[in-house]
Amino acid sequence: MSGGAGRGGGAGGGGGRRRIVAGNWKMHLLSAEAARFCNELRRGLDERPARPVPLAPAAPPVAAAPLAPVEVTAFVADGAVAPVPEVVLFPSFPLLAAVARELAGSAVTVGAQDLHPADRGAHTGDVSGPQLVDAGCRWALCGHSERRRDHGESDELVGLKVAAAARHGLTPLLCVGESREQRDAGETLAVLERQLRSGLAAHPGPPVALVIAYEPVWAIGTGLTASPETAQEVHRFLRAAASGAAGDDAAAVTLLYGGSVTPGNAAGLIAQPDVDGFLVGGASLDPRQFLAIIACSG
Ligand code: PGA
């Protein structure tokens, strides 16, 4: 699997390019299920198998659909223990504090799926950056396409959320992606550039790490994963565009792919030089699937 030129690799914050596998639980799981998941995840990460085990075929990556069991794959490549990527979970708001507690002392960090741009105030139903930090969060998703769709979030609002997250020491994970119609009309790169520029308009730049997820809308929850070549083409474009927009060194931008990632397609995607990790939806609801994706992303 490719190391990718300039990839930093180390866990933790900082401005370097990182290897990250993140799970977006969306509006799934109750507290008991979340606790079970965290236990299994911790156990899976602790008990790294001593030798490689082949990947089992992937289950259909439909969010909330029952996922077929898979063999937990090895965290081993060519006989050597592979570095485990940074692992992040994005549970829904009511689960955040409990999941952060369950994962305390582990290397897994927790993030929120959204935040309000203001620090406090009369915003019924919203959650602020300081409240997320207080709940144990280290990350915030900004501009996921389901929020753009369900809540009419504009590019400008997403930019304010990115800035708010950074202001409070949360790493913003900015999501961008084109619709099927936009891709068919040849607008993909223009759409992504617009989302990126607006999303990073107020980004303070380093030392807050810049992490971006390319999530083509047509690939989310559909099983229609972008091909490794398509993902690489877009990620290469995003790396250059993000470095221009945020003033970051291009090599320091971490670019995740999201959209129907499974244990069966993760290896081909992560082998691309500009794919630094994943934002996983449906397959992150099953610890064995999630562990299998982590295993091939080290
Ligand atoms: P999916 O979702 O893996 O179920 O396609 C990805 C996402 O929306 O972050």
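Me: Contact means heavy atoms within 4.5 Å. Helices (H or I, at least four residues) and strands (E, at least two) are DSSP runs, numbered from the N terminus. Which residues in α5 meet which residues in α7?

Reply: In α5 they are Asp 155, Glu 156, Gly 159 and Val 162; in α7 they are Arg 194, Gln 195, Ser 198 and Gly 199. A caution on the source: this is a predicted model, where local features need pLDDT of at least 70 and side-chain atom pairs count only at pLDDT 80 or more, while totals for chains, interfaces and linings use all residues. Residues are numbered from 1 along each chain as its sequence is written, and side-chain values use heavy atoms, with hydrogens and water left out.

Me: How do α5 and α7 cross?

Reply: Two packed helices are described by the angle between their axes and the distance between the axes. Axes are lines fitted to C-alpha atoms, for helices over the stretch in contact; angles run from 0 to 180 degrees between N-to-C directions. The axes of α5 and α7 come within 7 Å and cross at roughly 45°. The pair is therefore oblique (under 35 degrees is roughly parallel, over 145 roughly antiparallel, 65 to 115 roughly perpendicular, the rest oblique).

Me: What is the overall fold made of?

Reply: The protein chain has 10 helices and 10 strands. Strands of a sheet pair through backbone hydrogen bonds, either parallel or antiparallel. Here eight strands form a closed barrel with parallel pairing, in the order β1-β4-β5-β6-β7-β8-β9-β10. Neighbouring strands of this sheet are turned by 25° against each other on average, direction ignored. Take β4 (residues 86-90) and β5 (residues 109-112): they pair over two bridges (pairing needs at least two DSSP bridges). Thr 109 in β5 is the bridge partner of Val 88.

Me: Which residues of α7 are buried?

Reply: Buried means under 20% relative accessible area, exposed over 50%, partly exposed in between (1.4 Å probe, protein chains only). In α7, the buried residues are Thr 188, Val 191, Leu 192, Gln 195, Leu 196, Ser 198 and Gly 199. Across the protein chain, 53% of the 298 residues are buried.

Me: How many residues are in the largest nonpolar core?

Reply: A nonpolar core is a set of buried Ala, Val, Leu, Ile, Met, Phe, Trp, Tyr and Cys residues joined through side-chain atoms within 4.5 Å. The largest has 61 residues. Phe 290 is among those with the most contacts inside it. Leaving aside neighbours within four places in sequence, Phe 290 touches residues including Val 21, Phe 37, Leu 41, Val 88 and Val 280. A second, separate core of 12 residues includes Ile 20, Trp 139, Val 211 and Leu 256.

Me: Is Lys 26 buried or exposed?

Reply: Lys 26 is buried, at 15% relative accessibility. This residue lies in the loop between β1 (20-24) and α1 (31-46). Its phi is positive, about 55°, although Lys 26 is not a glycine.

Me: Where does Ser 260 lie?

Reply: Ser 260 is in the loop between β9 (254-258) and α9 (266-270). Its phi is also positive, near 60°. Ser 260 is buried, with a relative accessible area of 8%.
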